[in-house]
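Trainee: I would like to learn how to read the contact between two chains. Please start with the terms.

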Amino acid sequence: MQYSRLQHLIPAIAVLALSVVVLWISYTQQPAEAFLFPRLIAIFLAGFAVWNFIRALLGLSRIGGGLSKQEVLNILPGLVVMLVYAFWASKALGFYVASTITFFLVYTLYDPSALTDGKAWLRRLFISLAFMAVIYALFAILLKVQTPRGLFF
Amino acid sequence: MEFLSYFGGVFEPTAFLLLLGGTIGGLILGATPGLSPTMAVALLIPFTFQLQPVQGLILLGAAYTSTVAGGAVSAILLRIPGAPANIATALDGNEMARNGEGARALHLSFLSSGIGGVIGVLLLIFMTPILARWALAFGPSHLFWLAILGVTVIGSLDSKSFVKGLLSGCLGLWLSMIGYDDIQGAQRFIFHSSLTGGINIIAALIGLFAIPQVLDMMSKGRQKRSIERIEVPRQPFGSSIRELFRSFRALSIGTVTGSIIGLIPGVGGQIAGLVAYDQAKKFSPDRDKFGTGHAEGVVAAESANNAMVGPSLVPLLTLSIPGSPTAAVLLGGLLIHGIFPGSDLFDNYPEVAWTFINSMLVGQILMVIFGIWTAAWAARIARVPVPIMAAAVLILAIYGSYSVQQNMGDVYVMLTLGIGMFILEKFGFSAAPLVLGLILGPIAEANFIQGSMIANAIDGPFAYFMTGPLNLFLIALVILSVGYSFLMTMRDRKRQEQV
């Protein structure tokens with residue numbers, strides 16, 4: 001992937017901003033004794049973040065190829081499914097139902113088989129159900145994990 | 001020879017079944033490209049909650065050992081290293097398979113892994129008590145510096161970028177402080193209600209190691225993976241053993257190199273395999289044959305990456321400094337069972353420590369037997385399509401992080417850290433120092449506070465933390481690890497500029 005200074009600047013700014021917030025909180029919050037160690041760490045965190053930012057600004061930060069537009073576009077649908085599942089569907093629909101749908105959706109989104117292939121749909125459905133049956137046996141029956149039930153289960 | 005009296009625990013039915021399951025499961029997981037040993041062990045931790053500490057550790061130890069060896073299957077048969085540790089194995093192993101010697105390559109790979117692994121674990125058995133006795137002299141200031149050393153060593157040696165490695169370590173240390181302060185009870189950095197109880201180590205480990213892998217698989221899009229199917233004709237096992245004896249030099253080089261590299265915190269199996277391969281090539285009269293399907297290449301690489309496993313646990317069990325990212329995850333597994341590794345581990349929990357170590361010894365033998373037996377099966381599983389892998393790892397990560405405390409907050413933390421780590425990794429940051437910071441942060445802080453109290457009562461913080469031979473020795477190691485990494489970065493930059 002082609003090197004991009006701007007791409008390296010964005011995470012460098014984000015980490016620098018975070019380190020400034022950490023430094024500020026460490027020196028302003030009370031009781032001061034509770035923030036003794038965080039202050040020590042915040043100084044080093046901010047120091048390295050500034051160093052990293054300067055390197056990115058000068059174009060010296062070249063480790064890591066960054067993310068291409070195509071990679072972002074590839075990830076986006078899967079990421080949306082992942083976030084909807086974790087932050088909404090798992091509680092609203094129930095953990096197991098939401099997980100089955102998520103497995104099926106992620107598999108379908110990234111399966112290279114043609115979407116018109118009926119056999120591929122059946123295969124995806126069967127594998128999703130079989131995998132979730134194993135997960136149910138492991139977590140619900142063996143480990144007795146109580147999961148949010150939601151609309152279904 | 002105290003360890004001999006704890007062999008019985010390994011052969012208790014539940015423990016032995018877990019060892020067997022961990023070994024076979026680890027071999028299959030290891031053969032699956034994209035599932036690194038670290039991630040496999042992190043995903044297994046939630047399954048150990050219901051087990052006794054020793055049983056949980058046996059399962060994790062077996063998975064650690066066999067995932068490293070299992071990675072050779074896909075390296076040999078598919079030219080896709082199952083783990084970074086198996087990169088060197090693919091060089092000659094796959095050529096052997098193409099030349100119709102796939103079965104011999106697999107035999108040699110598991111036999112040399114087993115021999116290297118056994119010697120590595122023996123080193124662990126004999127070195128650990130000596131170091132543990134030495135570690136008894138450690139006070140709060142020394143333990144503080146040790147925790148800092150753990151972060152700086154991994155941060156500087158395990159990362160491609162010196163600054164980003166140390167920055168990742170600092171980020172991990174900061175993350176470990178989120179939640180309520182133990183002494184004052186004050187809230188620290190609680191930006192969201194999910195963070196009230198602090199960051200759960202297991203959820204963080206799963207997020208930091210599994211989610212970036214899932215996103216990485218997704219980033220490839222709807223690609224059809226074309227994997228060449230290599231036929232593996234049967235070959236007599238006896239001839240493989242004779243071949244192993246002929247490759248004694250490569251086996252010795254691999255085992256010694258792997259053991260030494262394993263002892264150095266922060267230097268992983270990937271380096272062990274590649275260094276051993278390079279050394280075996282240098283010392284071999286048939287060095288021209290390396291890369292064309294030479295048995296010595298497979299033997300050197302595989303004996304090294306498994307010989308590294310045992311010694312990488314020496315600093316973990318004695319000084320609480322994990323020698324590798326997988327050892328850091330194992331440390332997380334120990335802590336959730338209330339076991340704090342260190343100088344008194346062998347006094348307080350001898351049955352846990354020795355049974356675990358002994359199980360790794362037995363596990364090496366099981367790994368050889370089942371590795372050869374399940375290799376063909378594991379290779380088939382290694383061909384599992386990427387979308388199934390991505391979906392399965394995502395679901396396992398969510399269930400694994402949720403089941404720790406049966407709390408959705410842990411799932412949110414896991415996903416946030418995982419997505420953040422994926423982006424950071426794309427820009428040269430690495431998960432290992434961040435994890436080390438997260439795990440060693442509370443240890444560093446507790447000893448820093450305790451040391452400060454002692455210091456205030458005697459000579460003051462400077463004299464307490466910065467003087468004394470042991471403090472100075474540890475500070476020198478911290479400076480040395482950072483300085484060495486800095487010099488290496490400068491040298492690499494100069495080389496790149498020259499090119």
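Mentor: A salt bridge is a side-chain nitrogen of Lys or Arg within 4 Å of a carboxyl oxygen of Asp or Glu. This is a predicted model, in which local features need pLDDT of at least 70 and side-chain atom pairs pLDDT 80 or more, while totals for chains, interfaces and linings use all residues. Residues are numbered from 1 along each chain as its sequence is written, chains are lettered from A in the order in which they are written, and side-chain values use heavy atoms, without hydrogens and water.

Trainee: How many salt bridges count between chain B and chain A?

Mentor: The count is one. Glu71(A) pairs with Lys426(B), and their closest N and O atoms are 3.7 Å apart.

Trainee: Which element gives the largest share of the side of chain B that touches chain A?

Mentor: Helices here are DSSP runs of H or I with at least four residues, numbered from the N terminus. The largest share, 13 residues, comes from α17(B). By class, that side of chain B has 42 nonpolar, 12 polar and 10 charged residues. Ala, Val, Leu, Ile, Met, Phe, Trp, Tyr, Cys and Pro count as nonpolar, Asp, Glu, Lys and Arg as charged, and the others, Gly among them, as polar.

Trainee: What area do chain B and chain A bury between them?

Mentor: Buried area is the accessible area (1.4 Å probe) that two parts lose on being put together, summed over both. Here the two chains bury about 6100 Å², 80% of it on carbon and sulfur atoms. Arg222(B), Tyr399(B) and Phe427(B) supply 13% of the area that chain B buries against chain A, more than any other three residues.

Notes:
Helices (H or I, at least four residues) and strands (E, at least two) are DSSP runs, numbered from the N terminus.
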